[in-house]
Amino acid sequence: RPPRSTLFPYTTLFRSNVSLLSDNSEAMEDIALIDAVHMREASEHSERVRRALNTTESPVLLRILIDYYFTKGSRGALKILTTLKSSHAQDFFDKLQECIHVKGTRLGVLRLLGFALNSQISWLYKISGHPLFSSILHYLRVRVCVCVCV
């Protein structure tokens, strides 16, 4: 059996991951209910998801919410995703970078990104340096034709 001092970092890491998963399981239940029929119930669950997103530094919950948006077309998820804090921009772009390479989600990525950039104007500067921007240009195959009239 190894000395206790060598086990300490691993047991601490394991405990923190277990608590992270249990926090996300509660938030995942709330995500499933953000499009509830009753407006009050939906807003309560949306607020819980927002709080969970703002209190965790892990991108796991954000990734789950983006996946939920793509699979369900959830308006509740869209509302939450368009009101993210600036600190989530990098993780948001990273997840969309993964999704844009999946054939069925390209239009959804562009739609979600358009909504997010419309409400988070400061993110325009952040996306210009992210690989997602190059991927978007690649898939759009933008060709500029300039006509000069004299």
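## Exercises around helix H5

Let us start with a lysine: Lys95 is buried, with a relative accessible area of 8%, where buried means under 20% relative accessible area, exposed over 50% and partly exposed in between (1.4 Å probe, protein chains only). The model is predicted, so local features need pLDDT of at least 70 and side-chain atom pairs count only at pLDDT 80 or more, while totals for chains, interfaces and linings use all residues. Residues are numbered from 1 along each chain as its sequence is written, and side-chain values use heavy atoms, with hydrogens and water left out.

**Exercise 1. Find the salt-bridge partner of Lys95, and say which network the pair belongs to.**

Step 1. Apply the rule: a side-chain nitrogen of Lys or Arg lies within 4 Å of a carboxyl oxygen of Asp or Glu. Lys95 meets Asp67 in this way, at 2.9 Å from N to O.

Step 2. Asp67 lies in helix H3 and Lys95 in helix H5, so the bridge ties together parts that are 28 residues apart in sequence. Helices here are DSSP runs (H or I, at least four residues), as strands are (E, at least two), numbered from the N terminus.

Step 3. Glu98 and Arg63 form another salt bridge, with their closest N and O atoms 2.9 Å apart. This pair links distant parts of the chain, with Glu98 in helix H5 and Arg63 in helix H3, 35 residues apart. Bridges that share partners join Arg63, Asp67, Lys95 and Glu98 into one network.

**Exercise 2. Describe the ring pairs that Trp123 makes with Phe92 and Phe93.**

Step 1. Recall what to compute: a pair of aromatic rings is described by the distance of the centres and the angle of the planes. Rings of Phe, Tyr and Trp (its six-membered ring) pair if their centres lie within 6.5 Å; planes under 30 degrees apart count as stacked, over 60 as edge-to-face and the rest as tilted. The count by this rule is four aromatic pairs.

Step 2. Take Phe92. Its ring centre is 5.4 Å from that of Trp123 and the planes stand at 55°, so the pair is tilted. Phe92 lies in helix H5 (residues 89–100) and Trp123 in helix H7 (residues 123–127), so parts 31 residues apart in sequence are tied together.

Step 3. Take Phe93. With Trp123 it forms an edge-to-face pair, 5.6 Å centre to centre and 80° between the planes.

Step 4. Phe93 is buried, and Trp123 is buried with a relative accessible area of 0%.

**Exercise 3. Which helices cover the buried residues of H5, and where does Thr105 sit?**

Step 1. List the buried residues of H5: Ala89, Phe92, Phe93, Lys95, Leu96, Gln97, Cys99 and Ile100.

Step 2. Look at what surrounds them. The cover includes helix H3 (60–72), helix H4 (75–81), helix H6 (106–119), H7 and helix H8 (131–140).

Step 3. Move on to Thr105, in the loop between H5 and H6. At 17% relative accessibility, Thr105 counts as buried.

Step 4. Find its contacts (heavy atoms within 4.5 Å). Not counting residues up to four places away in sequence, Thr105 touches Phe70, Cys99 and Ile100.
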